[in-house]
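User: I am new to this structure and would like to learn how to read its features one at a time. Could we begin with the terms and then turn to the case at hand?

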Amino acid sequence: MVWPEPPNYYEAPKHGFKVTLETPQYPIINPEPSISDALTNMRSENWSAVAGLAAFGYVAGYFFGSKVHWAKPTALFTSVFLGKTGLLWGMSDSAHRLMGFKENSKEIAGNMPHVMQREAY
């Protein structure tokens, strides 16, 4: 029996740290989208979720903060917290569309113009 060599932690890794266990069901636009790619490809329903969560956070924070006479700071904190949560969720949804794991017909039309059909004149 031959023992394997221990890993050398000082060398650069030979593979990435991301492991995807499923295959994309839709066309891949960008296999590794950056933060700016995910932000620029967010749909209007993602932005409405960000605004809705931030508005709900303000109302809920004001309600729960008024019980301890600290309504506005609590409202601002929960608004920012839920707004950032909605932004991260929207960016994740956008990145999954760019990687082909969700329906991405709008992204194909916007990011891959060579795939679009030519218009008849």
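Analyst: A residue counts as buried when its relative accessible area is under 20%, as exposed when it is over 50%, and as partly exposed in between, with a 1.4 Å probe and protein chains only. In this predicted model, local features need a pLDDT of at least 70 and side-chain atom pairs count only at pLDDT 80 or more, whereas totals for chains, interfaces and linings use all residues. Residues are numbered from 1 along each chain as its sequence is written, and side-chain values use heavy atoms, with hydrogens and water left out.

User: How should I read the confidence, and in which helix is confidence lowest?

Analyst: The pLDDT is the predictor's confidence in each residue, from 0 to 100, and where it is low, the predicted coordinates should not be read in detail. Here the protein averages a pLDDT of 87, with 88% of the residues scoring at least 70. Confidence is lowest in helix H4 (residues 105–111), at a mean of 84, and highest in helix H2 (residues 44–66), at 96.

User: How many helices and strands does the protein have?

Analyst: Helices (H or I, at least four residues) and strands (E, at least two) are DSSP runs, numbered from the N terminus. By that reading the protein has 4 helices and 0 strands.

User: Which residues of H2 are buried, and what does the UniProt annotation cover?

Analyst: The buried residues of H2 are Asn-46, Val-50, Ala-54, Gly-57, Ala-60, Gly-61 and Gly-65, and their cover includes helix H3 (71–98). An unreviewed UniProt entry annotates residues 47–65 as "transmembrane region"; UniProt positions are given in the numbering used here, feature names are shortened, and annotations may be inferred rather than shown by experiment. In the model, that span is 100% helix and 0% strand, and its end C-alpha atoms lie 26 Å apart.

User: How are aromatic pairs described, and how many are there?

Analyst: Rings of Phe, Tyr and Trp (its six-membered ring) pair if their centres lie within 6.5 Å, and planes under 30 degrees apart count as stacked, over 60 as edge-to-face and the rest as tilted. The count comes to 3 aromatic pairs. Among them, Tyr-58 and Tyr-62 are stacked, at 6.4 Å centre to centre and 25° between the planes. These two tyrosines are 4 residues apart in helix H2, so about one helical turn separates them. Tyr-58 is partly exposed at a relative accessible area of 33%, and Tyr-62 is partly exposed at 39%. Another pair, Phe-63 and Phe-64, is edge-to-face, at 5.1 Å centre to centre and 70° between the planes. Phe-63 is partly exposed at 47% relative accessibility, while Phe-64, at 52%, counts as exposed.

How values were computed: Contact means heavy atoms within 4.5 Å.
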